[in-house]
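Subject: Structure handover

Hello,

Here is the structure for you to look through. My notes on it follow below.

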Amino acid sequence: MRSRLLQPRSGHRPGGTPGGYLADDVPAPASLRLQLSALQALCRQTFAVRLALLVIGTPFAMANTTDSPSRYAVLTAGVLGTMGSYAMLRDWDRFGPRVLAHPTLMALDLLFGAVLLLTASPASPLAYATVCTPLLSGLLYGWRGAGLFTGLQLAVLLTVYRAWEHRPGAGTSTLLIAGFCIAAGIVGVTLRNLMFRFGTATQALSEATSRLAVAEAVESERARLARELHDSVAKTLHGLALAAEALATSADRAADPQVLGQQATLVAAAARRAASESRDVLTDLRHHTDLTTPQPVDLLTELSARTEDFTSRTSLAARLRHTRTTPPPLSCEKTHDLLAIVSEALENAHRHAQATEVVVEVEDSADALRLRVTDDGVGLPPAFTVNQAARSGHFGLLGMTERAARIGARLHVTRPATGGTEITIDLPLPTPQTPRQEAVHA
């Protein structure tokens with residue numbers, strides 16, 4: 001059934017010029033699940049109406065028969081027509097594909113209806129069952145099928161009219177039914193084409209939405225990778241470059257071999273650190289690709305380790321203060337981004353602020369977590385913005401802002417009255433539900 005519905009009953013004119021709305025059927029879209037279901041429902045409803053009209057109109061046809069052979073013929077046509085309509089209504093999935101593949105079955109059904117209509121009159125309820133044939137042909141076969149079966153139905157009506165023209169009102173009833181047949185054929189094809197147009201538009205919208213989602217996902221992943229590289233490998237490579245420059249300067253001045261050895265050890269350590277951070281970034285990317293669940297990280301423990309490592313690497317005092325020993329429950333993604341923001345703030349204090357001390361504070365309440373990184377350095381320039389930093393090639397503050405926005409936190413950069421720079425991250429926490437609330441949600 002699907003393959004027949006997907007085939008337009010009449011194509012474009014030679015040369016690719018459209019032949020007008022009434023000349024061509026709308027090409028079926030590639031995906032028609034919704035449209036097929038709607039067409040099947042319309043066809044089954046049409047057969048239901050036809051079945052009801054046959055049941056009501058067959059007695060009128062039998063009442064007009066006088067001899068036994070004609071009565072048997074009318075009864076046979078009525079029974080076959082009724083059974084065919086009932087079978088199509090009840091088991092469309094089984095018989096529908098055969099009607100689609102063999103339009104002659106529709107012609108045979110039309111013949112049964114013609115036999116009944118010839119013995120009844122154009123004014124009987126049976127005449128209205130003829131309207132269903134053009135409607136079904138339009139729904140199933142398009143303009144060409146609708147034109148063929150509507151023409152055959154009109155020929156049947158003309159034959160019936162000539163047989164009953166002596167009866168008053170036969171001409172008016174025949175014209176009325178003929179008009180209904182023509183309108184039903186047009187309506188059937190119009191509904192079919194509207195469904196196909198809707199399917200094409202829906203498919204195009206779905207493809208555009210998919211492309212947009214892919215583009216957004218790619219852009220988000222690129223921004224995330226840029227933040228990870230900036231917060232880890234880029235900084236280490238910058239330090240490696242400075243150490244290498246110092247080693248080259250010392251070598252040019254024929255410095256003490258012990259000093260050269262120390263500087264070479266520094267370069268090697270920075271290179272190993274860059275390699276380790278590169279592996280960490282690749283491992284994180286692998287976790288995202290494989291959709292594996294990362295191991296949970298304790299926020300306070302990791303903050304303590306990072307402040308100690310920062311102090312040992314930079315000789316800049318970094319202290320951690322917190323109000324409780326058990327951190328609030330956070331997802332791995334939120335913990336990772338909070339740690340990255342704090343690490344970036346520490347590095348900025350070391351590289352740009354000329355600070356002598358940095359304090360990392362963790363405060364939490366029932367509904368929020370606050371992290372504050374304060375240094376006693378020179379502070380940011382007046383009216384300094386994130387966009388200005390990004391345009392000047394410094395993407396640290398931009399990455400911190402993006403990370404905070406991704407986890408639903410608010411980041412504020414201020415200059416305290418005592419000087420320096422204060423970076424505050426406010427992260428709302430989910431409100432714990434009471435057992436009564438959980439029962440209501442359940």
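What share of residues 72-89 is helix, and how far apart are the end C-alpha atoms? The stretch is 100% helix and 0% strand, with those atoms 25 Å apart. Helices (H or I, at least four residues) and strands (E, at least two) are DSSP runs, numbered from the N terminus.

This is a predicted model, in which local features need pLDDT of at least 70, side-chain atom pairs count only at pLDDT 80 or more, and totals for chains, interfaces and linings use all residues. Residues are numbered from 1 along each chain as its sequence is written, and side-chain values use heavy atoms, leaving out hydrogens and water.

Confidence: pLDDT is the predictor's confidence in each residue, from 0 to 100. Its mean over the protein chain is 76. Helix α1 (residues 2-5) has the lowest mean, 43, and strand β5 (residues 421-428) the highest, 91.

Record: an unreviewed UniProt entry lists residues 72-89 and 141-161 among its "transmembrane region" spans; such annotations may be inferred rather than shown by experiment, and positions are in the numbering used here, with feature names shortened. Residues 141-161 are also 100% helix and 0% strand, and their end C-alpha atoms lie 28 Å apart.

Sheet: five strands form an open sheet in the order β1-β2-β3-β5-β4, with mixed pairing (two strands pair if DSSP finds at least two bridges between them). Because β1 (317-322) and β4 (410-414) are at the edges with a single partner strand each, one side of each has no neighbour in the sheet. Strands β3 (residues 368-375) and β5 pair in the antiparallel sense over eight bridges, and arginine 372 stands opposite threonine 424 in β5.

Regards
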